[in-house]
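Hello,

Here is the structure for you to look through. My notes follow below it.

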Amino acid sequence: PVFIVGMPRSGTTLLQGILCNSKKYFPMPETHFFSRVAYGLPEKNFSPENREQMRRILKRKSKIDLDDSRWQEFQSQKQIFEYVVGMFNSENTHTFLEKTPRHVFFYAQILKHYPDAKFICMIREPRNTLSSLLTMSQRRQKSVFRISLFYNKIARAIITIMPNQNVRVVKYEDLVDRADSTLKEICQFVDIPFDAKLTKAVAAPAGIISTHEAWKNQNIELDTMRPNNSQRWQAALTEGQAHLVTFVTKFYAAQFDYIPVYRPLAVAGG
């Protein structure tokens with residue numbers, strides 16, 4: 001199994017779609033299983049309250065409804081997770097590709113269940129990540145400072161696990177600007193043959209988009225990858241916000257060679 005994790009809005013959906021187009025994996029939406037559904041609950045010997053909590057979160061957060069007739073059969077988190085995954089495995093493919101960015105925090109727990117799992121960690125330049133997150137949903141106000149701290153938290157988790165042999169870090173900018181060479185390395189890492197068509201036909205299968213993630217529908221409509229626009233953040237962030245993002249994230253961003261560049265702000269009267 002392969003888990004795509006890391007920073008949201010850093011190409012996780014794009015990479016999942018490309019790899020699913022190889023026909024080696026089947027498409028499925030984010031399960032949020034370890035980060036939300038099973039978080040804080042026992043790995044086995046569930047109480048009725050535990051079961052009901054998992055069912056409720058699966059339905060509300062993952063938009064996945066389990067079969068009532070089978071619910072009592074499940075005796076462990078792994079059984080429930082594999083049942084959820086199997087719901088999307090219509091062709092009975094032998095392995096799966098799961099993409100939930102926050103699963104980067106559950107690396108050790110996932111390895112208990114899948115010792116041979118591989119992890120692809122996605123990261124992106126902080127200002128463009130923040131601007132994409134801010135414009136992704138109009139349903140709630142988001143604090144630039146709070147999301148900058150979240151960026152650091154994700155980056156720190158990636159740095160912690162990146163020395164391991166089963167972890168590969170991929171920068172969004174490399175994925176879109178050096179698509180062939182980057183995907184060759186990714187394909188080698190997950191042990192699938194590279195095909196040049198993967199970088200030419202990047203439309204994501206519809207099955208990876210949940211009903212509550214409408215902003216991802218643009219991935220379904222993609223024909224070719226858009227080149228990275230390093231100044232895209234200017235459409236959503238003010239100069240002051242951009243400086244705040246750069247200042248808060250500068251230590252962790254530098255670990256991925258995102259070197260901060262400051263432009264002096266205009267100061268009234270001086």
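In these notes, contact means heavy atoms within 4.5 Å. Please keep in mind that this is a predicted model.

Start at Phe-119. Leaving aside neighbours within four places in sequence, Phe-119 is in contact with Phe-3, Val-5, Tyr-107, Ile-110, Leu-111, Asn-166, Val-167, Arg-168 and Phe-189.

Phe-119 also belongs to the largest nonpolar core, which has 55 residues. Among the members that touch the most others are Phe-119, Phe-3, Leu-66, Ile-80, Phe-81, Phe-96 and Ile-123. Helix H7, residues 144-161, gives the most to this core: 9 residues. In soluble globular proteins, nonpolar side chains tend to be buried together.

Next, the aromatic rings. There are 14 aromatic pairs. In one, the ring centres of Phe-96 and Tyr-114 are 5.6 Å apart and the planes are at 80°, so this pair is edge-to-face. Phe-96 is in the loop between helix H4 (77-86) and strand E2 (97-99). Tyr-114 is in the loop between helix H5 (107-113) and strand E3 (118-123). The pair therefore ties together parts that are 18 residues apart in sequence. Both Phe-96 and Tyr-114 are buried.

Phe-251 and Tyr-252 also pair edge-to-face, at 5.0 Å centre to centre and 85° between the planes. Is each one buried or exposed? Phe-251 is exposed, at 55% relative accessible area. Tyr-252 counts as buried, at 17%.

Ring pairs also link a cluster: Phe-3, Phe-33, Phe-34, Phe-81, Phe-96, Tyr-107, Tyr-114 and Phe-119.

Two lysines sit over rings. The charged end of Lys-78 is over Tyr-114, 5.0 Å from the ring centre. Lys-171 lies over the face of Tyr-258, 4.6 Å from the ring centre.

Last, helix H3, residues 48-61. At 1.5 Å a residue, its 14 residues should span 20 Å. The end C-alpha atoms are 20 Å apart, which agrees. Which residues of H3 are buried? They are Asn-50, Arg-51, Met-54, Arg-55, Ile-57 and Leu-58. Seen down the axis of H3, these residues fall within an arc of 165°, so they line one face of the helix. Helix H2 (33-37) and H4 are among what covers them. The face of H3 turned away from the buried side carries exposed Pro-48 and Glu-49. After H3 comes Lys-63, with a positive phi near 60°.

Best wishes

How values were computed: Residues are numbered from 1 along each chain as its sequence is written. This is a predicted model: local features need pLDDT of at least 70, side-chain atom pairs count only at pLDDT 80 or more; totals for chains, interfaces and linings use all residues. Side-chain values use heavy atoms; hydrogens and water are left out. A nonpolar core is a set of buried Ala, Val, Leu, Ile, Met, Phe, Trp, Tyr and Cys residues joined through side-chain atoms within 4.5 Å. Buried means under 20% relative accessible area, exposed over 50%, partly exposed in between (1.4 Å probe, protein chains only). Helices (H or I, at least four residues) and strands (E, at least two) are DSSP runs, numbered from the N terminus. Rings of Phe, Tyr and Trp (its six-membered ring) pair if their centres lie within 6.5 Å; planes under 30 degrees apart count as stacked, over 60 as edge-to-face and the rest as tilted. A charge sits over a ring if NZ of Lys or CZ of Arg is within 6 Å of the ring centre and within 35 degrees of the ring normal. The expected span of a helix is 1.5 Å times one less than its number of residues. The arc is that of the directions from the helix axis to the C-beta atoms.
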